[in-house]
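Let's take a friendly walk through a protein model. Have a look at the sequence and the fold before reading on.

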Amino acid sequence: MSGLVRMSLDAPEEVRPFEEGSGKVELVNLAGGAVGRGTFEPGWRWSRHVKPIAGTESCQASHAGYVLSGRMRIVMDDGQEDEFGPGDFMVCPPGHDGWVVGDEACVVIDWQGFTDYAKR
């Protein structure tokens, strides 16, 4: 059994910026994978600001996240969609696009889908 671990997203081990200064993912890397805080600025859209980095038609990361602030709309490749805001937990399988709704940055903690997200 491993010992107690303390890491801070305020002192991330890695920062991955999105295209056009539209946000970033800050990561701490654990043995089981990365935990990240994504900050998505107003106007951010996956298909514009991460697709050029990912090189896929839609986001292929599987997310398990908690929204701290702001709002994000997610549309799956099959047409299913929902909007998430502060206090919402989301499970989002691969095959989606997403964008910030409104004028506030959307901040999400994700402990599943940021390991390779926006990795250059």
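Here is a short tour, from the overall fold to the core.

This is a predicted model, where local features need pLDDT of at least 70, side-chain atom pairs count only at pLDDT 80 or more, and totals for chains, interfaces and linings use all residues. Residues are numbered from 1 along each chain as its sequence is written, and side-chain values use heavy atoms, with hydrogens and water left out.

The protein has two helices and nine strands (DSSP runs: H or I of at least four residues for helices, E of at least two for strands, numbered from the N terminus).

The C-alpha trace spans about 45 × 30 × 25 Å along its principal axes. Of the 120 residues, 45% are buried, meaning under 20% relative accessible area with a 1.4 Å probe, protein chains only.

Now for the middle. The largest nonpolar core has 24 residues, and Phe 18, Phe 40 and Trp 44 are among those with the most contacts inside it.

E5 gives the largest share, three residues. Cys 106, another of the residues with the most core contacts, touches Phe 40, Val 67 and Met 72, among others, not counting residues up to four places away in sequence.

Note on methods. Buried < 20%, exposed > 50% of the residue type's maximum accessible area, 1.4 Å probe, protein only. Core = buried A, V, L, I, M, F, W, Y, C linked by side-chain atoms within 4.5 Å. Contact = heavy atoms within 4.5 Å.
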